[in-house]
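Let's walk through this structure together, one region at a time.

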Amino acid sequence: MDYFLYLTQMCGIFMILAMGLNLINGLCGQFSLGHAGFWAVGAYTGAAFSVFTNLPLPGFIILLIACLLGFITAAIAGLIIGIPCLRLRGDYLAIATLGFGEIIRIIFMNMDSVGGPRGFTDIPKLSNLFWVYFFVVLSIIFCANLIRGGYGRAIISIREDEIAAESMGIQTFKYKTLAFCIGAGMAGLAGVLFAHTTQFISPNNFTFMWSVIILLMIILGGLGSISGAIIGAVILTLLPELLRLLGPTVSEWRMVIYSVLLILLMLAKPTGILGKKEITFSFGKKEKA
Amino acid sequence: MSQVLKTDAITMQFGGLTAVDSLSLEINQNDLIGIIGPNGAGKTTAFNMITGHYLPTKGNVFLNNEKINGVRPAVITQKGIARTFQNIRLFKDLTVLDNIRIAAHSRCEYGFFDSIFRTKKFKDYERKIEEEAISLLSIFKMQGYSDHLAKNLPYGMQRRLEIARAMATKPSLLLLDEPAAGMNPNETIELTKLIRWIRDEFKLAILLIEHDMRLVMEVCEKIYVLDYGKTIAVGTPSEIQNNPKVIEAYLGSEGVENE
Ligand SMILES: Nc1ncnc2c1ncn2[C@@H]1O[C@H](COP(=O)(O)OP(=O)(O)O)[C@@H](O)[C@H]1O
Ligand SMILES: [Mg+2]
């Protein structure tokens, strides 16, 4: 039962990660491959806060403060990395963010105070199903409200046509940086929840491979769709567990299976499971796609 | 009449190529001015310098007597220059309404957190923007198309939407880059009326690049002719029509001999 609880929490954590990357990549159109780096920043910041400060406060308050700190530090890391990188386009941006993501990981690898390569142990188990999904719901509301307002539309216009957006008075660099920072902050938040769920983090949790997997989640679900990011996160969190049931050899071929799956999906439906559509629960007006 | 735009001998060089050579334009309020010239004459490049997409190699651009070269395109738009593109650049996968609302965003009065918490200020302003957008669409005869995707509109309507979108930034100077390109004769006649009507209704200045001679001659009060980047003639449509240099540039030297 613990195992299922753990998996359900991991699904939620990846939903937040995927929604964050969806903001950067799916909505703003900026190809980032450094998401795992921001995840790490949040995880280490949150863990360091709850382990080192040891405040005499109830657990959930410590968790909430850790979440806030994790969000802010990751968003600041996003700002520091975004300002030089967001001047680049397409593949160059992807390579630069990939590099920075790895640099972040290697910094933690060399920080002995947080365990270095051995990892950060004995993190209190402050997170639970409730708090994970509390933040999932918060993230959904945040993203949904963002895209239904002028700021979200400005971000989306950059994905549609950056030159036209700039010509319509949208300060594209400002909005790219905004999307990048919020997306990074959300990864940081997911990191705090992750650290306080698994109680152990190490630099190996945050390799470049995870940036790719989170990217796969949003491509699978449909780039630019919040509900797509959620579906993609669930599928790619549960799939390796299903494969594990089929035996160790199948499990070893995980990445190959992902790739085949992705190729098949791209052949059948190039825009992902949902395309840019959203699953909504309102009966009023239907969104046209 | 107050001066809206002035370019002071702007020059654009790409490596060894001088795409625009010392172009000096003067545009006053309510003017309707054309730039013509053969393909590759440097017309679009001139637009790109005026709108801040290119930094002129030499010379200055003044908008309402304020120097604007080196200012970012978005800020220039906020200061009052709006444009369309030679190859339509709509936000294709977004609705017609969103195309217009995005152009109105730089005047947005609510803050980021108003939009996240959907405050009253946010809702009131969104309603206002939507009403403005819808009335703009009806001016451009596109009422009822608000929630169509831009890419699904017929070609002529896409061109019109691009002009409507530029108008949503509330410009004092509108730049149109070959607005009639790809239109059929009927659409071109409609467009000619529309352009004149926009100028009169909104009291702004329009600078127009066009290949369709009939449109330019009919609608513009003053025409600049570019050839290989150089300004070879400036004048009223009738002056331009009879200018031997212009005839030569358009028809080649044999054209002149044949006349
Ligand atoms: N970004 C650029 N880099 C290099 N050459 C350019 C660039 N933009 C335009 N040119 C060149 O400048 C000349 C003028 O182009 P353009 O302004 O597009 O002409 P047109 O009058 O047809 O609009 C052409 O020779 C074109 O190849
Ligand atoms: Mg051109």
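A residue is called buried here at under 20% relative accessible area, exposed at over 50%, and partly exposed in between, using a 1.4 Å probe and protein chains only. By that scale B:Arg118 counts as partly exposed, at 23% relative accessibility. Before going further, some ground rules: this is a predicted model, in which local features need pLDDT of at least 70, side-chain atom pairs count only at pLDDT 80 or more, and totals for chains, interfaces and linings use all residues. Residues are numbered from 1 along each chain as its sequence is written, chains are lettered from A and ligands numbered from 1 in the order in which they are written, and side-chain values use heavy atoms, with hydrogens and water left out.

Let's stay with B:Arg118 for a moment. Most residues other than glycine have a negative phi, and most peptide bonds are trans. You will find B:Arg118 in the loop between H4 and H5 of chain B; helices (H or I, at least four residues) and strands (E, at least two) are DSSP runs, numbered from the N terminus. B:Lys141 also has a positive phi, about 55°, although it is not a glycine. Its place is in the loop between H5 and H6 of chain B, and B:Lys141 is exposed, with a relative accessible area of 58%.

Now turn to where the two chains meet. The contact (heavy atoms within 4.5 Å) takes 35 residues from chain B and 31 residues from chain A. The size of an interface is often given as the accessible area lost when the parts come together. Buried area is counted that way here, with a 1.4 Å probe and summed over both parts. For chain B and chain A it comes to about 2,800 Å², 59% of it on carbon and sulfur atoms.

What holds charged partners across this boundary? The rule finds 3 salt bridges across the interface of chain B and chain A, each being a side-chain nitrogen of Lys or Arg within 4 Å of a carboxyl oxygen of Asp or Glu. In one of them, the side chains of A:Glu166 and B:Arg72 meet at 3.0 Å, N to O. There are also 13 residue pairs in polar contact across the interface of chain B and chain A, both residues at pLDDT 80 or more. A polar contact is a pair of N or O atoms within 3.5 Å; within protein, one must be able to donate a hydrogen and the other to accept it, and residues adjacent in sequence count only if both atoms are side-chain atoms. On the side of chain B that touches chain A, the elements giving two or more residues are helices H2 (73-79), H3 (96-104), H4 (112-117), H5 (120-139) and H6 (155-167) of chain B. H2(B) gives the most, with 5 residues. The residues on this side of chain B divide into 16 nonpolar, 8 polar and 11 charged, where Ala, Val, Leu, Ile, Met, Phe, Trp, Tyr, Cys and Pro count as nonpolar, Asp, Glu, Lys and Arg as charged, and the others, Gly among them, as polar.

Next, the aromatic rings. A pair of aromatic rings is described by the distance of the centres and the angle of the planes. Rings of Phe, Tyr and Trp (its six-membered ring) pair if their centres lie within 6.5 Å; planes under 30 degrees apart count as stacked, over 60 as edge-to-face and the rest as tilted. By this rule the count is 27 aromatic pairs over all chains. One of them joins A:Phe14 and A:Trp210, stacked at 5.5 Å centre to centre with 25° between the planes. A:Phe14 belongs to helix H1 (residues 2-27) of chain A and A:Trp210 to helix H9 (residues 208-221) of chain A, so this pair ties together parts that are 196 residues apart in sequence. A:Phe14 counts as buried, at 4% relative accessibility, while A:Trp210 is partly exposed at 22%.

A:Phe60 and A:Trp131 have ring centres 6.0 Å apart and planes at 5°, so they are stacked too. That pair links distant parts of the chain, with A:Phe60 in helix H3 (residues 59-85) and A:Trp131 in helix H5 (residues 129-147) of chain A, 71 residues apart. A:Phe60 is partly exposed, with a relative accessible area of 40%, whereas A:Trp131 is buried at 13%. Ring pairs also link a cluster whose members include A:Phe14, A:Trp39, A:Tyr44, A:Phe108 and A:Trp210.

Finally, compare some covered and uncovered places in chain A. Helix H6 (residues 150-160) of chain A is mostly covered, with 10 of its 11 residues buried; among them are A:Arg153 and A:Glu160. A:Trp253, in contrast, counts as exposed at 52% relative accessibility, and sits in the loop between helix H11 (248-252) and helix H12 (254-268) of chain A. A:Ser113, in the loop between helix H4 (90-109) and H5 of chain A, is exposed as well, with a relative accessible area of 53%.

Conventions. Buried area = accessible area lost by both parts, 1.4 Å probe.
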